[in-house]
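Biologist: Hi! I'm new to this one, could you walk me through it?
Modeller: Happy to, here it is.

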Amino acid sequence: MAGLLAKAIAQRRARVLGPSEVTFQTLSGCVNALGAASLPAGCLIVIASRSGAIMAHIAASPSFIDAHAGPIMANLASLYKANRAACFPSINETWVLIGSISELDGQKSKLEDDIMIIREKLAAIGLVERVEEAYKFELRNDDKSPTNSSKGTVLVTAQGQQLEIYVEDQRISLV
C-alpha cells in the first residue's frame, strides 16, 4: 500500500479499519485519521464530520440480513448515538459515504441491494437527510494497479477545521 493512507500510517496519525469491523476515531490530537485498505468484497460505510469519523465494513454474503451484518449495523448505530453530541452535532456538517467493494462483476448487483438496506438503516438513526445525498464510491480489489498505488483505500482526516475524505487518494468534494 502507498499513497495518503500509507503516509498517515507511517506518521502514526491513522487508525485502520479491519475486515468486518466498526470503529470510531476523533479527528483531533495525535491520531487524526481513520482509513481502510484492501478490504474484502462488501460494503464500506463512512460517517464523518470535522470532529470525528465512524467506519464500518460489512463483508459480502449470500444474504445481507444475517448474523454478521446485524451486529455491525447495531454497533455503528450505537457509536453514532454515543458520539453524536460531541462529534456529529449538526446534520449539515455530517457526511455519509457508502461504498461497494467488489471483486467480481456479478457481485455488483447484490451489493447495490445491500446498499439500499444500509441506507434504510442509516435513515432509522437520524441520518435520513444525509443518506439521500450520500456519496457513493466503488473499489475493486481484484487487480493491483502499478499506476494507482492507493487502489482500494479510503482515508478520512481533518486538517485544522477542514474535513478531508479521500477515495483512492482522490479528494471527495464535500458540499
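Biologist: What pattern does the protein chain follow, read along the sequence?
Modeller: This is a predicted model, and its protein chain reads α-β-β-β-β-β-α-β-α-β-β-β-β along the sequence. That comes to three helices and ten strands.

Biologist: Switching topic: how many residues are in the largest nonpolar core?
Modeller: It has 25 residues, and Ile45, Ile47, Ile54, Leu76, Ile118 and Leu122 have the most contacts inside it. Elements giving two or more residues to this core include strand S4 (42-48), strand S5 (52-59), helix H2 (69-87) and helix H3 (107-132).

Biologist: Which element gives the most to this core?
Modeller: H2 does, with eight residues.

Biologist: What is Ile45 in contact with, leaving aside neighbours within four places in sequence?
Modeller: Its partners include Ile54, Met73, Leu76, Leu97, Ile118 and Leu122. Apart from this core lies another one, of 20 residues, among them Leu17, Leu39, Trp95 and Leu163. So Leu17, the residue opposite Ala36, belongs to that other core.

Biologist: Last one: what share of the chain is buried?
Modeller: Buried residues make up 48% of the 175 residues in the protein chain.

Conventions:
Residues numbered from 1 in each chain as written. Predicted model: local features only at pLDDT ≥ 70, side-chain atom pairs only at ≥ 80, totals over all residues. Heavy atoms only, no water. Pairing = 2+ DSSP bridges. Helix = DSSP H or I, 4+ residues; strand = E, 2+ residues; numbered from the N terminus. Core = buried A, V, L, I, M, F, W, Y, C linked by side-chain atoms within 4.5 Å. Buried < 20%, exposed > 50% of the residue type's maximum accessible area, 1.4 Å probe, protein only. Contact = heavy atoms within 4.5 Å.
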